Structure formats: structure tokens, C-alpha cells
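Hi,

Here is the model I promised to pass on.

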Amino acid sequence: MSALRIKKGSSSHSAYDLRSTYGDTVERHTLAVTVMNEPGVLARVIGLFSGRGYNIESLTVAEVDHEGHKSRITIVTSGTPQVIVQIKAQLGRIVPVLEVHDLTAEGPSVERELGLFKVAGKGEQRVEALRLADIFRANVVDTTLQSFVFELTGTPEKIDAFADLMRPLGLVEVARTGVAALSRGDH
Amino acid sequence: MSRQMTGAKMVVQALKDQGVDTIFGYPGGAVLPIYDEIFQQSEITHVLVRHEQAAIHAAEGYARSTGKVGVALVTSGPGATNAVTGLTDALMDSIPIVVFSGQVPTFMIGSDAFQEADTVGITRPCTKHNWLVKDTAQLSGTIHEAFHIASSGRPGPVLIDIPKDVQFATAEYSEKTKRKSHYQPQVKGSIEGINDLVKLMEKSKRPIFYTGGGVINSGPAASQLLRELVEATGFPITSTLMGLGAYPASGDKWLGMLGMHGLYEANMAMHDCDLMINIGARFDDRITGRVDAFSPKSKKVHIDIDPSSINKVIHVDLGIIGDVAHVLEDILKVWKSRGRVTEKEGLAKWWTQINEWRKIDCLAYTGSEKTIKPQYALQRLEELTKGMDRYITTEVGQHQMWAAQFLGFEDPNRWMTSGGLGTMGYGFPASIGVQMAHRDALVINVAGEASWLMNMQEMGTAMQYRLPVKQFILNNERLGMVRQWQELLHGERYSSSWSESLPDFVKLAEAFGAKGIICKDPADLDDAIMEMIKHDGPVIFDCLVEKHENCFPMIPSGKPHNEMLLAADAAAFASGATLV
Ligand SMILES: Cc1cc2nc3c(=O)[nH]c(=O)nc-3n(C[C@H](O)[C@H](O)[C@H](O)COP(=O)(O)OP(=O)(O)OC[C@H]3O[C@@H](n4cnc5c(N)ncnc54)[C@H](O)[C@@H]3O)c2cc1C
Ligand SMILES: Cc1ncc(C[n+]2csc(CCOP(=O)(O)OP(=O)(O)O)c2C)c(N)n1
């Protein structure tokens, strides 16, 4: 009855089933997590992701209710559907976590990120950078004769696109805030 | 009434208000104010262990055998780091404990002060929750919250780190009832889910209850309701290592433990069932084996208080989130109100099949007149202690699995073992915790010699507190479980799996002032066990057993349930054949 096919002398067996059981369709989800703003809460959330091997593409946090000491953490993560469900359930287990919302699954939502771009250049390049910034509706927040700092708000894709365009025009440095997101509509 | 007191006094006051009578601990500079308060009262007994890891395991044993929250107290730095294994053990096995650690004064935190460690940082991933209390005014409220969190929902260990200046400072004590926690896990299961489950139960021809530690966690009412449900429906029941005793081993619906070293009939029934009802178990990999071949023909239902347990490992058709006792009560109500329907004919056939599997007699082993077989030792222990007010703890390894197979548990909270983490060194201190809670009971730690050595310093604790714990060591002079894997899966290359230079256990017992018994002849075994039971004090029982016995059945990892390895296959293997 046993079909082990273990030969005497073999050693390629493990104490664990080494086959991964997860499917391979990876989805990207944006999660909004409301937490009690107590010491260590961010470490708990980040520790959960690193400890259980989940991905963090972006994470932002700030207190949104000063009287109630509540913060909102927006996390962009990716994983198979099974992993995404686990991530939400595991977040829900953290004691100071009050609510977990999957903005990707719960209907339409808006996502915004802010990027700051330092672009250094002269002559034609400088004119081109300014022209493109205008098309993207980026603001100039600092200028010298050799450089600009642009400020741009938009979806992460828009920020990526702008960075790609600026690279050949003398992009020196980028700072990004990570994603903030809200569901659309009145709920 | 406003009550001002020091932080140290608050700790003791809050423990009293929480109904704590026993704590396990070890002092040091950063907890001296608390020890000073403990000295000046008599309601709470402090048990001085010999290593902080043992304090945590003792608190676990106390908690598991009483259903109450276990409590431990350790100092900063090395005291706290020594507690980490115990905390992780309690987290994996869902054991409610509250651990207090001392910390350097708040104004010295971060300066690499003497015996400073980032205790909340280190223990964050191995506690259900933890706190660093920097303000005495917050301390008593935090302690009450800690007991609430440790014991509600899915239970687990929590830790409160208290800097020394916070222990000295004075503030107002807040009563237990004062604040309502936002942490309120759902205990009632959804009624739609329960209705759906009852419909599945009515139609099932091959059902099985697969129960686990969650039934024990839920309390005695859950075990009572489980028994009622099993008897009323006539469905077979198996349990994980952690759930033994929730349903009595003498019950005729009992199939025995399932899993890697579970019984043939239990694993075959899991594989072939058409309805699997998981009650408070977590589809551990020691249970599922190869996930994609796990019980391929069944509808699966999972009742669990922790939403993250559902669909974590095995995709289920129906998940019911709630506390076992609450959900079982509703299942019984609904099932009865719909006319107590079961598929009688299908069930009868299912039992016929199960009884065929039972005939394999998967626990059979080759007896011996010359050496004590470990299975035989446990059979005799069972026979001679059955019916007594008995609690069993274990270490980790083959002896643990044999204990699960050969000892029968009639009630919950009588079986304390390290399942999830598999911590060698758990059993001895756990037996101390159990004996502290049940002073007149017979408490036996079924041990392997290697595991037992990991916390043997606790002989001192057992002697000091006159705890008549029986250390029943199945001594095979091997790291038996490791040796078994090496024999079967690593070409018989026994790399470092010998227990070399073992002590003379009888002399060791005597060195502590305890009683030592050695037994190597099967003919002497009964008398020796009786001598152990009758002795009023701690005993080390050195039971010299067969050195190369393997534990069967065994499902090698990554194999489905119906590819279990039995003793007969192994005998063929030993004589040189390939196992197919
Ligand atoms: C050497 C070795 C070999 C082993 N071999 C086996 C083996 O052959 N068979 C075996 O069974 N185990 C074996 N184990 C143990 C195994 O590793 C797991 O610890 C065990 O199977 C888990 O048991 P469980 O599923 O009951 O879960 P537990 O760890 O007891 O978890 C309890 C579950 O119930 C839930 N729960 C808790 N409280 C409640 C409540 N009030 N209401 C509802 N749900 C609740 C929890 O959320 C959790 O999901 C072995 C361990 C070792 C060290
Ligand atoms: C702390 C710890 N270290 C290592 C292991 C790995 N391990 C599991 S069982 C085992 C051997 C146990 O030997 P023993 O206590 O003599 O029991 P036996 O298997 O011989 O019954 C080992 C080393 C473990 N479970 N825990």
C-alpha cells in the first residue's frame, strides 16, 4: 500500500513537502488599514509582511484622527488571490488593527502619489524638461540656473512615466511619497 | 475609591484582581521592586524556576491543565531572551499566558544599559501582543487588557515590559472593569453557514469530524457539546495531537489521532470521506501531507475563531468563524430542529469500511521478552494508571508520538505537549506547572532522554516545592526521532543522533535528593511503574528501551494519506528491499 519508492541509501527527502502549492496568477491590491496609533504598530505591520514573506510595493502612514489616535496605513501589495486573502486576515489579527479594507476588491477607488524630481541641465534640455513638466501639469517648486525641482501628483504609473521622460533630460534625484488611496463614492 | 500605589504594587494587585494564585519566575535587577511586593503578601505563590524558559513552559502547563491564564515573571536582558522559546511555543499552540519582564529605567532605554535588550522588539513576532509601559498611570489598565487579549479569541502569549522606574513610581490603580477593550473577536458563527453545514451533514454518506486544539481552547463546554454531537449523529471522529481528550479515547466513534504518526483508520477515513468537518484544527502540514492530494473527494467545512486559519493551507467549501462551543451549540439546535436527519444507510457502509481499516491493527509492533519496547512501556503505564486522576506532559520525539498513540485521554486538559513548535525541553517544566495547579494529581512527563536533559535543572524546582512529578524517560540513548528519519530517508547515515555520555539517571535523581528508578527488563516493568506511582515525591524513571525502534504509522512529508508507511513496510525495508 505504501508507494514511497525510497531506495536504501537515498537522501533527497525532506521533512517538508518542498512543492509550492500556490498558483501563479499574481494580483496587485491596495489595502487601507486603520490602526490605533500606538508605539510599534508600524513595526507590527511591516514585521508581518517580512515575517510571512509577503511583498510590499508601497506603504504610507499618517495619523488621520488626532483625537482618536487613529492612523491610516495604505499598503500596495501583490500576490496570488489566496495570498491576498491571507494578508488581509493576518492584518486583521494584529491587536491594534481596527479595520482592513481591500480598495482593489471593494469597488472603484482613487490612488494618488506625490513625486519630487530634481532635473539638472542647460539649454535645449532645460527647455524640453519644462515643456514636458507643463504637459504633465507638474509644478516647479525650486529653480536655479542649472536645475529645477518638479512636484507631480498622480497615479504611480504617471509618476513612473514622468521619471522615464526626465531621465535623459538630466534627472538627478527622485523622492516619492508612496500611494494614498480612497474608495470612490459616498461610502 | 481612588487608590494610589507604586507600579510594582500594581502588578501584584492586578494579578490578585485577575484571580491569579500562582506565578513562575526568576528574579534580577530590573524586577526587584516587583519581587519585593511579592515577598510582602501571601495570596500569590511564586515558584522559583531554574531557567526562564522553564518559567514559560510551566506557565503553559498550568494554563493548559486549568483553562486559566498562566503567568510568568522574568528580569530584563537575558531573563527576557531566555523566555523567547517559551513564548514562541505558546504562540504556536495558542496557549494563554501573560509574561512580565523587567526593563532598564525609561531614561536609559536605548543607551545599551546593563542588561538592556529590545524586549518588545525581540518578542513582537512571538507574542499575540506586547507592550512597553512607560507611564505608571497606564500600567494597571495594560495588565487587565493583557489578560483579556491573552484569553479571548484565539488565545496566545502576551508580554508586558516594565522599566524599573515605572515600577517605583506611584499612580492611581485602575480597576479591572474600568475600560472596555476594542478587541472583541466574533464568537457566534453565522447562522447561514451553520444551516449549510447541517444540510451537508444530513446528506453525507462518509462524514468525519476532524477536531483540534481549538476544542480544548474553547473550554469544557465545547468538549461536552462535541460528545453530544458525535453520539447523536454517529459520525466518526479523529483529532490532532493538540485536541486529544476532547472526545474520550474509549468512545466507540473514536478513530484515534490522525496525521503523520496518526492511526491508519483515521488517515484513511480522512482521505476517503465525502464531508470533512474541521472543528478548531488548523490543517497543519503534519496533518495534510501532500496538499494537492489531501482528501480529494470531500466537501470541507472549517470552524475556527481565527479568520486567518480559514483557507490558509487548504481551500474549504464552507468556513464558519466563531468559538467552538457557541458554534456546536447552534449546530445541535439546528440539526435537532430539522428532525435529526442522517444518511443511515450510507453511514452504516462507512462504518463497515472503517472497521475493515481498523483490522489492519496499525499500532501492532513486535514484542520482546528481553528488551522493553517503548510501546510496551506506554501500554503498561496506561494500564497501571488508567482511571487515576492523571495528567500527562511530554517532551518531543518518538516517545511523544507513542504517548499520543498508546495513552488514552478521557477528558480535555489532561494532555500537555508541544505540538506546533516541537520544543524539546517542554515536558519537564510543563509537568511542574501542571502539578502546581493540581497538587494531588498524578503528573507524569513522558520523556526522551535527550529532550529531558534540555531542562533537567528543574529537578531543583521540583524538590524545592515538593512536587511529586514523575519523569518517565524512555531512554533509547538516541535522538530517536532524528535517527528514524536518518534511517528511512538519509541512507542510514546517523549523523550526530547518538545520546553520548549520558548521566546515570538514578544517581542524578539522588544528587537532587529525589528518587531514581532504573528498569531494563520487561518482567520488572509493572513493579517499577507501581513503585514510581506510589513514591510521594519527584521520581526519575530511567526506562531503558529498545534503541532502534521506529514509530509507525508514518506518512513521510509530501505524501498523501493513503501512502502511509506501516511497520510491515519498514521490516521489508530493513531487509534491503526498496519501498514501493
Ligand atoms: C515530532 C512531532 C510530530 C507530530 N506529528 C503529528 C501527527 O502525527 N498528528 C498530529 O495531529 N499532530 C502532529 N504534531 C503536531 C502538529 O505539529 C501540530 O501542532 C498540530 O497538528 C496542530 O493541531 P491543531 O490543528 O489542533 O491546531 P492548534 O495548534 O491546536 O490550533 C488550534 C486551532 O483552533 C483555533 N481555535 C483556538 N481557539 C478556538 C476557539 N475557542 N474556537 C474555535 N477555534 C479556536 C485556532 O485559531 C487554531 O486554528 C506533531 C508534532 C511534533 C513535534
Ligand atoms: C529544541 C529542539 N532542538 C531540536 C529538535 C529536533 N528534534 C526533534 S525530535 C529530536 C530527538 C529527540 O530525542 P529524545 O528526546 O531522546 O526522544 P526520542 O525521539 O528518542 O523518543 C530532535 C533532536 C527539537 N524538536 N527541539
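Ligand 2 has 17 residues around it, with Q398(B), H399(B), G422(B), S451(B) and G480(B) the closest; a residue counts as near a molecule or strand if one of its heavy atoms lies within 4 Å of it. Before going further, the bookkeeping: this is a predicted model, where local features need pLDDT of at least 70 and side-chain atom pairs count only at pLDDT 80 or more, while totals for chains, interfaces and linings use all residues. Residues are numbered from 1 along each chain as its sequence is written, chains are lettered from A and ligands numbered from 1 in the order in which they are written, and side-chain values use heavy atoms, with hydrogens and water left out.

The side chain of H399(B) puts an N or O atom 2.8 Å from an oxygen atom of the ligand. From the backbone, a polar atom of A450(B) is 3.2 Å from an oxygen atom of ligand 2, and an N or O atom of R478(B) also lies 3.2 Å from a ligand 2 oxygen. On its own ligand 2 exposes 590 Å², and the protein buries 75% of that (accessible areas by the Shrake-Rupley method with a 1.4 Å probe; for residues, only the protein chains shown count as cover). Two or more shell residues come from each of α17 (398-406), α19 (449-453) and α21 (480-489) of chain B. Helices here are DSSP runs of H or I with at least four residues, strands are E runs of at least two, and both are numbered from the N terminus. By class, the shell has seven nonpolar, eight polar and two charged residues; Ala, Val, Leu, Ile, Met, Phe, Trp, Tyr, Cys and Pro count as nonpolar, Asp, Glu, Lys and Arg as charged, and the others, Gly among them, as polar.

Now ligand 1. A polar backbone atom of H261(B) is 2.7 Å from a ligand 1 oxygen, while a polar side-chain atom of D284(B) is 3.4 Å from an oxygen of ligand 1. Taken alone, ligand 1 exposes 990 Å², of which the protein buries 96%.

On to the strands. Chain B has an open, parallel sheet of six strands in the order β11-β10-β9-β12-β13-β14, where two strands pair if DSSP finds at least two bridges between them. β11 (254-257) and β14 (318-321) of chain B are the edges, each pairing on one side only. Within the sheet, three bridges join β9(B) to β10(B), and T211(B) stands opposite S239(B) of β10(B).

In chain A, β2 (residues 58-65) and β3 (residues 70-79) run antiparallel, joined by seven bridges. V61(A) has I73(A) as its bridge partner in β3(A). Their hairpin has four residues between the strands, and H69(A) takes a positive phi near 55°.

Cheers

Terms used
A polar contact is a pair of N or O atoms within 3.5 Å; within protein, one must be able to donate a hydrogen and the other to accept it, and residues adjacent in sequence count only if both atoms are side-chain atoms.
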